[in-house]
Amino acid sequence: MLDTPARTPEPPSTDPFALATALSGVHFIGGRFVPARSGRTFAVVNPATGIEVARAAEGDAADVDAAVQDAHRAQKAWAKMPARKRGALVYQCAALIRTHQDELARLIALETGKALRTESRVEAGVVADIFEFFGGLGGELKGESVPFAPDVLSVTVRQPLGVVGAIIPWNVPLLLMALKIAPALVAGNTVVVKSAEEAPLTVLRICELLGRILPPGCFNMLSGQGPECGAPLVAHPLVRKVTFTGSVETGKIVAKAAAEKLIPATLELGGKSPMIVFADCDFAKTVAGALTSMRFTRQGQSCTAASRIYVERPIFDAFVAEMKQAVDRMVMGDPLDEKTDIGTIISQGQFDKVQAFVAEGRATPGATAHECSAMPTDPALKKGLFMRPVIFTGLDATSRLVREEIFGPVTVIQPFDDPEAVLAEANDSEYGLAASLWTNNLKVGLDLAHRLEAGLVQINQNLVVQANLSYGGVKSSGLGKEASLEAMLEHFTQKKTIMVNMA
Ligand code: NAI
Ligand code: MG
């Protein structure tokens with residue numbers, strides 16, 4: 001047999017480098033760490049130094065088949081378990097994740113370049129919260145009784161779909177995985193996850209933790225390239241549901257493959273989220289809100305990043321100046337250092353893509369690029385993918401920087417004079433994930449909130465995904481919702497009608 005038992009250390013590890021090495025070269029199938037059938041691996045690189053920290057198993061259709069077959073076998077017994085018992089097990093996982101919060105956070109920081117204090121630790125904490133939330137929902141998998149006829153009992157029951165294929169990206173790998181596996185498991189499905197090429201380690205680490213509580217085969221983790229490992233997962237005949245987070249382009253490929261099999265697909269895709277700031281806003285709170293809305297601490301690598309900021313003309317200049325100063329105060333540096341606010345871009349490919357946007361913005365007549373913060377000076381980081389955040393002014397709706405998802409620390413601020421005009425500009429986008437409005441005039445705010453084409457609109461705040469609140473986009477930003485009870489019922493169960501004639 002190729003397989004080896006779980007071999008990562010039991011108590012939380014404080015050394016992410018050792019953990020990365022220990023997690024090298026394996027998938028997680030049937031509760032065990034196993035190498036790729038082909039024996040192939042690929043490099044996992046620390047984006048803060050450019051140094052390889054691990055090798056990931058390079059999965060293909062044979063590994064997909066092994067994992068899906070295993071998940072299929074495990075699903076029968078898992079679905080038979082009372083729903084609240086399944087929920088209780090998922091709930092227990094939350095406590096174990098909390099115990100390992102720092103360990104997981106360090107590993108996220110190492111493989112993604114996201115700063116430990118501002119991002120990675122927060123992500124690991126939210127993951128525990130997601131498991132806790134869904135773990136409590138086992139009892140909510142209820143059907144209905146339908147008054148069909150007096151002597152006919154007619155009821156609906158909610159049943160699991162079977163094996164769920166989950167494909168996740170690299171920007172918030174652990175959280176985006178949790179949003180898929182926690183509800184899928186509570187609803188009685190089993191799951192095969194395909195991790196992102198750039199961030200396969202933390203999601204693999206958590207498998208070993210969850211495997212201490214959940215039965216083998218309930219969830220399986222594969223690493224590999226999209227076409228070689230993700231595509232066969234979607235296409236596998238025993239996969240009865242697919243849930244995907246990533247780019248619009250890949251989302252369409254996944255949706256087409258799902259349509260070919262007539263299975264449901266949940267898609268959480270990109271965004272070009274507008275932030276609309278009125279002159280009557282609470283100025284200091286709104287400037288601080290712009291920093292969090294733009295996810296500068298995540299190098300802007302967020303589907304909800306406020307990469308289009310519209311500011312009412314009377315406060316435009318003051319807003320730009322204040323925001324620039326606030327970003328200047330953010331510390332860029334080693335993601336594992338507690339002092340660091342801003343880490344690195346994930347990969348050379350993303351770095352080049354973001355730089356190309358910046359170059360195009362700079363070359364646009366009338367545009368100004370305000371570069372903020374400062375590059376780290378530590379020589380150990382000289383090959384790191386650090387990039388100074390850029391605030392553009394002087395660009396308009398015709399610019400590719402205003403229309404396309406950049407997925408980097410780049411935002412464009414434009415002035416506006418009229419609420420109707422800014423609403424039209426905000427809605428003039430292929431995307432519709434999130435939006436925020438900043439005003440003390442709630443009459444105007446609520447009116448615009450109703451008319452903004454976005455799955456999530458927030459007034460005077462711009463929080464990330466929260467357990468219990470449906471999350472998901474409209475237009476090209478996706479199909480379906482995540483993070484809520486309704487999302488679990490709608491996307492991870494199917495309804496069956498049962499009728500009993502008692503006449
Ligand atoms: P991607 O959408 O290509 O990758 C996401 C996941 O899909 C990865 O696990 C990848 O291996 C998998 N995948 C790729 N091709 C596949 C296929 N044919 N079948 C099944 N799975 C496949 O995103 P990528 O290339 O990492 O980033 C490109 C752009 O996508 C970014 O610049 C950003 O604009 C956007 N993006 C959006 C995210 C979001 O949160 N909505 C997350 C990551 C990227
Ligand atoms: Mg791609």
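Predicted model: local features only at pLDDT ≥ 70, side-chain atom pairs only at ≥ 80, totals over all residues.
**Exercise 1.** Describe the second largest pocket by its volume, the residues closest to its centre and the classes of its lining.

Solution. 
- Step 1: the volume of the second largest pocket is about 300 Å³.
- Step 2: 16 residues line this pocket, and Glu119, Val122, Arg295, Arg298 and Val464 are the closest to its centre.
- Step 3: helix H5 (residues 116-135) gives the largest share of the lining, 5 residues.
- Step 4: sorted by class, the lining holds 6 nonpolar, 5 polar and 5 charged residues.

**Exercise 2.** State the volume of the largest pocket and find which residues lie closest to its centre.

Solution. 
- Step 1: the largest pocket holds about 810 Å³ of space.
- Step 2: its lining has 37 residues, of which Phe244, Thr245, Gly246, Ser247 and Thr250 are the closest to the centre.

**Exercise 3.** Work out which elements and domains supply the lining of the largest pocket, and how the lining divides by class.

Solution. 
- Step 1: two or more lining residues come from each of helix H8 (226-235), strand E10 (239-245), helix H9 (248-261) and helix H12 (348-362).
- Step 2: H9 gives the largest share, 6 residues.
- Step 3: domain 1 (16-270 + 477-497) and domain 2 (274-467) each supply at least three residues to this lining.
- Step 4: by class, the lining of the largest pocket has 19 nonpolar, 9 polar and 9 charged residues.

Key. Residues numbered from 1 in each chain as written. Chains lettered and ligands numbered in written order. Heavy atoms only, no water. 1 Å grid on protein atoms, 1.4 Å probe; cavity = no way out; pocket = protein on both sides within 12 Å on 5 of 7 lines; lining within 4 Å. Points joined across faces, edges and corners; volume = space filled by probe spheres on them. Helix = DSSP H or I, 4+ residues; strand = E, 2+ residues; numbered from the N terminus. Nonpolar A, V, L, I, M, F, W, Y, C, P; charged D, E, K, R; others polar. Domains from an automatic or database assignment.
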